[in-house]
Structures are given as C-alpha cells and as structure tokens.
Amino acid sequence: MLDVNKTIEDFCKLLRNFLISESKPIWLWIKNPNSFLAKGSLKKFIAVLRKITNETKLLRVFIVSDDFLDIAYEPEDMENTVLIYNEIQQLPPYDIFLNSIKNNYPDNEFDDEEDLLGNLFKIFPYIDQKNYKNVFLDKKNMLLLKLVDELFGCNEIQLIKGNRNELTDCEENFLYGK
C-alpha cells in the first residue's frame, strides 16, 4: 500500500532540488487537498511547502478548496486569499480586515481577536450561501459569518436559532435581526 506521508516527503525533496537546480519559479496548484490527504499529512505538507517557499523564493502555492482546511494560518495568509463565490473577492491585509470587523461588530467589545484568523478561515467556505440550514458553526462563528457576508455585500442570511454557546444580547440581536 502507498504511504502518503513518504510520498509527500519524496515529492517535497524532489521539488526543493528542482527549484534549486533550475532556479525557475514554479506554481503549484492543489485542488481540494482534504479529499486526498489526512489532516496530519496536510498540515505537514503545507508546513514543508511554506519552508521551501521561504527558502527558495521560487515556489508559489495555490490551494483551491471547497471546504475549511485545518492548517496553521498566519496573518499574511489573509491577503493571499481569494474567495470565489458569485464574485471574486481578494481579501485585504489582516490588520485592515480586523479593523473592519471591529468597526462593524454589533457589541462594543470585540474579544475574539486571538482566535479570529482561524475562525475567519472556518467561515470562508460559507460566504454567500443561499441555504444555511446545513451550516454547523457555533453561534460566534455564525455571527462572524453574517458580519463578513454584510461586509462583502452578500445576500442577507436566514439563520436558525440554536444554543451551542452564549452570545451577548447585542450579538444575539444582530445575528437574528431582533
């Protein structure tokens, strides 16, 4: 049986050697990596690709995914992300996006800054969805999804109430439109 981890290691070694020997830029496109790589393998693969990219400055990695990728995100990933839904949306640098969220957040205190980057990447696959009945996010992320949808000028979303975690009254009113 084929060992994916060994294949990834071999591929990365070959890629690094090729980049060093040829000194030509390479674009690597990866489509829906969750469909063929386990979470641990994907994290390792992305980490090695980041290292190769930083060392050689010759590798550009493009990941096209229909779902959330459970990898370690860095603030610079934000401005390198393009969302494709009914429109094509190039995301701004993280600090600008963070300020937009803070300025439009329904409660006076925005306290999720520490987890925001990962949570944004969790909600991005659901931007401009027509039906949110099958979206299983906790309330804070549903609130974030509605806020980001509004920032992007997407359709208003209809949400189903749940009790997965607590929101302030202001957040609850914003989320459910009271």
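Contact here means heavy atoms within 4.5 Å. A few notes on the chain follow.

1. Ground rules. This is a predicted model, where local features need pLDDT of at least 70, side-chain atom pairs count only at pLDDT 80 or more, and totals for chains, interfaces and linings use all residues. Residues are numbered from 1 along each chain as its sequence is written, and side-chain values use heavy atoms, with hydrogens and water left out.

2. Overall layout. You get 7 helices and 4 strands, in the order α-β-α-β-α-β-β-α-α-α-α along the sequence. Helices (H or I, at least four residues) and strands (E, at least two) are DSSP runs, numbered from the N terminus. Of the contacts with a separation of 6 or more, 62% join residues 24 or more positions apart.

3. Surface and burial. The chain has about 11,200 Å² of accessible surface, and carbon and sulfur atoms hold 50% of that. Areas come from the Shrake-Rupley method with a 1.4 Å probe; for residues, only the protein chains shown count as cover. Of the 178 residues, 38% are buried. Buried means under 20% relative accessible area, exposed over 50%, and partly exposed in between (1.4 Å probe, protein chains only).

4. Helix α6. Residues 139-151 make up this helix, and its 13 residues reach 18 Å from first C-alpha to last, close to the 18 Å expected at 1.5 Å a residue. The expected span is 1.5 Å times one less than the number of residues. α6 is mostly covered, with 11 of its 13 residues buried; among them are Lys 139, Lys 140, Lys 146 and Asp 149, as well as Met 142 and Leu 143. What do the buried residues of α6 pack against? They pack against α4 (94-104), α5 (113-123) and α7 (169-176).

5. Lys 122, in helix α5. Lys 122 is partly exposed, at 33% relative accessible area. Leaving aside neighbours within four places in sequence, Lys 122 is in contact with Phe 68, Leu 137 and Asn 141. Asn 141 itself is one of the buried residues of α6.

6. Helix α2. This one runs over residues 39-56, with 18 residues reaching 26 Å from first C-alpha to last, close to the 26 Å expected. Its buried residues are Ser 41, Leu 42, Phe 45, Ile 46, Leu 49, Ile 52 and Thr 56. Seen down the axis of α2, these fall within an arc of 130°, so they line one face of the helix. The arc is that of the directions from the helix axis to the C-beta atoms. An α-helix has 3.6 residues a turn, so residues three or four places apart point the same way. Gly 40 and Asn 54 are exposed on the other side of α2.

7. Positive phi values. Ser 23, not a glycine, has a phi of about 50°; Ser 23 sits in the loop between α1 (4-22) and β1 and is exposed, at 52%. Asn 32 has a positive phi near 45° in the loop between β1 and α2, but Asn 32 is buried, at 18%. Just after α2, Lys 57 takes a positive phi of about 60°.
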